[in-house]
Amino acid sequence: MSSIAGKGKARGKAAPASKSQSRSSKAGLQFPVGRISRFLKSAKYSERVGAGAPVYMAAVLEYLAAEVLELAGNAAKDNHKTRIVPRYILLAIRNDEELNRLMGNCTIADGGVLPNINPLLLPSKGKGAKEGPEASQDV
């Protein structure tokens, strides 16, 4: 009777407790799936939130962040800098057609504006360009 010591399949060594794994690591993401799930539930967008919704949303947000950071890094590199500042984020967003459409109404603090000079304000390159300052006064 002493052979019936416990229940289940606990023969020999006890099985090591499996390490808990976050939903972000299960999905292979860096953005926090659990936090996004909590925000979706607490914001009361709907009564119920499915299991896949926060994972999908975290994946989309991670993709957008990676895209903006890559373009901003390229803008910083073009200006021979190693640090990404808000100016480079603005340049990255405004020079990309799809990101500009997505974030067209956003204002980025300390971002400035795109460099743009109206062609009418530039000196004319016509036949009188070499005559001197009086040539630009012709009307």
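These are my notebook entries on one protein chain, taken from a predicted model.

**Entry 1: the whole chain**

I began with the secondary structure. The protein chain has 5 helices and 0 strands. Reading along the sequence, I wrote the pattern down as α-α-α-α-α. I then looked up how much of the chain is covered. Of its 139 residues, 15% count as buried. The accessible surface is about 12300 Å², and carbon and sulfur atoms account for 55% of that. I also checked contacts between residues at least 6 apart in sequence, and 37% of these join residues at least 24 apart.

**Entry 2: helix 3**

I looked up helix 3, which runs over residues 53-78 and has 26 residues. From its first C-alpha to its last it reaches 38 Å, close to the 38 Å expected at 1.5 Å a residue. Which residues of helix 3 are buried? I listed Pro-54, Ala-58, Val-68, Ala-72, Ala-75 and Ala-76. I noted one rule beside the list: an α-helix has 3.6 residues a turn, so residues three or four places apart point the same way. The cover over the buried residues of helix 3 includes helix 1 (23-27), helix 2 (33-42), helix 4 (86-95) and helix 5 (97-102).

I picked out Ala-65, also in helix 3. Ala-65 counts as partly exposed because its relative accessibility is 25%, and that class lies between the 20% and 50% cut-offs. Ala-65 and Phe-31 are 34 residues apart in sequence, yet their C-alpha atoms are 9.9 Å apart in space.

**Entry 3: the largest nonpolar core**

Which residues make up the largest nonpolar core? I found 5 residues: Leu-29, Val-33, Ile-36, Leu-40 and Ala-58. Helix 2 gives the largest share of this core, 3 residues. A general note goes here: in soluble globular proteins, nonpolar side chains tend to be buried together.

Leaving out residues up to four places away in sequence, Val-33 touches Arg-23, Ser-24, Pro-54, Val-55 and Ala-58.

I then turned to Ser-37, in helix 2. Is Ser-37 buried or exposed? Ser-37 is at 4% relative accessibility, so I put it down as buried.

**Entry 4: helix 4**

I listed the buried residues of helix 4 as Tyr-88, Leu-90, Leu-91, Ala-92, Ile-93 and Arg-94. Helix 3 and helix 5 are among what covers them.

Most residues other than glycine have a negative phi. I therefore wrote down the residues that depart from this general rule. Lys-44 has a positive phi, near 60°, and lies in the loop between helix 2 and helix 3. Lys-44 counts as exposed because its relative accessibility is 65%. His-80 also has a positive phi near 60°. His-80 follows helix 3 and sits in the loop between helix 3 and helix 4. At 75% relative accessibility, His-80 counts as exposed.

**Entry 5: a nonpolar surface patch**

Ile-117, Leu-121 and Leu-122 make a nonpolar patch of about 340 Å². Where is Leu-121 found? I placed Leu-121 in the segment after helix 5. Leu-121 is at 69% relative accessibility, so I recorded it as exposed.

Notes
Residues numbered from 1 in each chain as written. Predicted model: local features only at pLDDT ≥ 70, side-chain atom pairs only at ≥ 80, totals over all residues. Heavy atoms only, no water. Helix = DSSP H or I, 4+ residues; strand = E, 2+ residues; numbered from the N terminus. Expected span 1.5 Å × (residues − 1). Buried < 20%, exposed > 50% of the residue type's maximum accessible area, 1.4 Å probe, protein only. Contact = heavy atoms within 4.5 Å. Core = buried A, V, L, I, M, F, W, Y, C linked by side-chain atoms within 4.5 Å. Areas by Shrake-Rupley, 256 points an atom, 1.4 Å probe, with all protein chains shown as cover. Patch = residues over 30% accessible without salt bridge, like charges linked within 9 Å, V, L, I, M, F, W, Y side chains within 5 Å. Salt bridge = Lys/Arg side-chain N within 4 Å of Asp/Glu carboxyl O.
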